[in-house]
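Here is a briefing for a first look. Take a moment with the sequence and the model, then read on.

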Amino acid sequence: MEGEINNFIMVWITVLASLAYCHTVDKIFPKGYTRCLAILPVICLFFYLPLNLTSIHLGGTTSFFIAWLASFKLILFAFCKGPLYSNPPIPLSRFIPLACLPIRFSAGTEGFSSQETKKKSQKSPTNYVTKIILLVILIRVYDYKNYIHHYIILFCYCLHIYFMLEMILAMVATLARVLTRVELEPQFDEPYLATSLQDFWGRRWNLMVSNILRPTVYDPVLSISKRVMARKWAVLPAVLATFLVSGLMHELVFYNIGRLKPTGEVMCFFLLHGVSLAMEIGIKKVLKGRFTLPWIVSGPLTLAYVMTTSFWLFFPPFLRGNADLKGCTESIAFIESVKNHRLVSPNNVTCPFL
């Protein structure tokens, strides 16, 4: 455990130094190929750094924050685009958290007033308290895992992942809000209220990922597609390309968590949803609003489809690496370390819930 923490500290020191370097590059090379060549080694380094961590909490979150979000933001930055690029340059104190954390500063040019943004980005305390209570109940449910149907447990995992992601991203956003004194846009928008796949993936689920995939993958592919096919259908290849890249990055994150050889199941999950979403968009364009399912029907159908395909393709590789057991033992080891004022290795604790 001590070695993992030391590695974690060294990884993040390297990340901070690399981002400070990129901030300097922006001043030396305002544009051009030289700028891209200067930033490219940092992007490659960000894909490599999470491999130095093996824990699910430290390694998994670092892989998501650095190998995915930060590296994609730096790709845009290399081409003078994206949230990191500004003229004049943004200060280093904002450049670093904006690069390495799943946050996005709201700007008046994006159509949000300060009051509107604050209302949108800050959910009520009751909302978070309710989700924390539900998360605690879910953890207690695992006590009876051997007596509950497998699919019910997988459904609990769906809720668990959503609650945990929202809590983690909300805490990160709150920390960034305190340090930078800037209102932030929400990371989730109640995905269980989605009425279609387009609504779920584009407007409600993990908006930080959507916001970084849109300029790095969707928009460039859409621009190319418009040159070779009718504008009406150009969006379809862009959607497929976006889900392809998302699948690749999820495979990378899963590898960093379990260190198992990728099986392609996670990639298939996102490709399936990319194809499904493209079909949904195509059908909507053909029907032109002449027929729509009521939300009371489309909502449950959407969530059922997401969860069923998750049971089939998303969770098997996740659980094959004992991610649930690793996550549980690491959490207990952390609690024991705080209680005993000394580091406790996850190998020395057992999880009573699994």
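This is a predicted model. Start at Tyr305, which counts as partly exposed because its relative accessibility is 29%. Tyr305 sits in helix α12. The protein chain as a whole has 13 helices and zero strands.

**Tyr305 and its surroundings**

- Tyr305 touches Leu197, Leu272, His273 and Ser276, leaving out residues up to four places away in sequence.
- One of these partners is also a polar one: the side chains of Tyr305 and Ser276 make a polar contact at 2.6 Å.
- Tyr305 and Ser196 are 109 residues apart along the chain, yet 10.0 Å separates their C-alpha atoms.

**The chain overall**

- From the N terminus on, the order of elements is α-α-α-α-α-α-α-α-α-α-α-α-α.
- The protein chain has 354 residues, and 46% of them are buried.
- Consider the contacts between residues at least 6 apart in sequence: 71% of them join residues at least 24 apart.
- The accessible surface of the protein chain is about 18800 Å². Carbon and sulfur atoms account for 68% of that surface.

**Aromatic pairs**

- The structure holds 23 aromatic pairs.
- Among them is the pair of Tyr151 and Phe311, which is stacked because the ring centres are 5.8 Å apart and the planes meet at 15 degrees.
- Tyr151 lies in helix α7 (residues 150–180) and Phe311 in helix α12, so this pair ties together parts that are 160 residues apart in sequence.
- Phe311 counts as buried because its relative accessibility is 17%.

**Salt bridges**

- Side chains of opposite charge can pair when their charged atoms come close.
- How many salt bridges does the structure hold? There are six.
- Asp26 and Arg35 meet through their side chains in one of them, at 2.8 Å from N to O.
- Lys284 forms a salt bridge with Glu280, and the closest N and O atoms are 3.4 Å apart.
- Lys284 and Glu280 are four residues apart in helix α11, so about one helical turn separates them.
- Lys284 is partly exposed, because its relative accessible area is 39%. Glu280, in contrast, counts as buried because its relative accessibility is 17%.
- Elsewhere, salt bridges that share partners join Asp199, Arg203 and Arg204 into one network.

**Charged residues that are buried**

- Lys73 lies in helix α3 (residues 56–78).
- Lys73 counts as buried because its relative accessibility is 5%.
- What does the side chain of Lys73 meet? A polar atom of this side chain lies 2.5 Å from the backbone oxygen of Leu98.
- Lys73 also touches Pro83, Leu84, Leu98, Ala99, Leu101, Ile103 and Ile212, leaving out residues up to four places away in sequence.
- Glu265 belongs to helix α11.
- Glu265 is buried, because its relative accessible area is 17%.
- Leaving aside neighbours within four places in sequence, Glu265 is in contact with Glu251, Leu313, Pro316, Pro317 and Arg320.

- Which residues make the nonpolar surface patch of about 670 Å²? They are Phe291, Leu293, Trp295, Ile296, Val297 and Leu301.
- Phe291 is in the loop between α11 (265–287) and α12 (295–320).
- Phe291 counts as exposed because its relative accessibility is 55%.

Note on methods
Residues numbered from 1 in each chain as written. Predicted model: local features only at pLDDT ≥ 70, side-chain atom pairs only at ≥ 80, totals over all residues. Heavy atoms only, no water. Patch = residues over 30% accessible without salt bridge, like charges linked within 9 Å, V, L, I, M, F, W, Y side chains within 5 Å. Areas by Shrake-Rupley, 256 points an atom, 1.4 Å probe, with all protein chains shown as cover. Salt bridge = Lys/Arg side-chain N within 4 Å of Asp/Glu carboxyl O. Helix = DSSP H or I, 4+ residues; strand = E, 2+ residues; numbered from the N terminus. Buried < 20%, exposed > 50% of the residue type's maximum accessible area, 1.4 Å probe, protein only. Contact = heavy atoms within 4.5 Å. Polar contact = N/O pair within 3.5 Å; in protein donor to acceptor, adjacent residues only side chain to side chain. Phe/Tyr/Trp six-rings, centres within 6.5 Å; stacked < 30°, edge-to-face > 60°.
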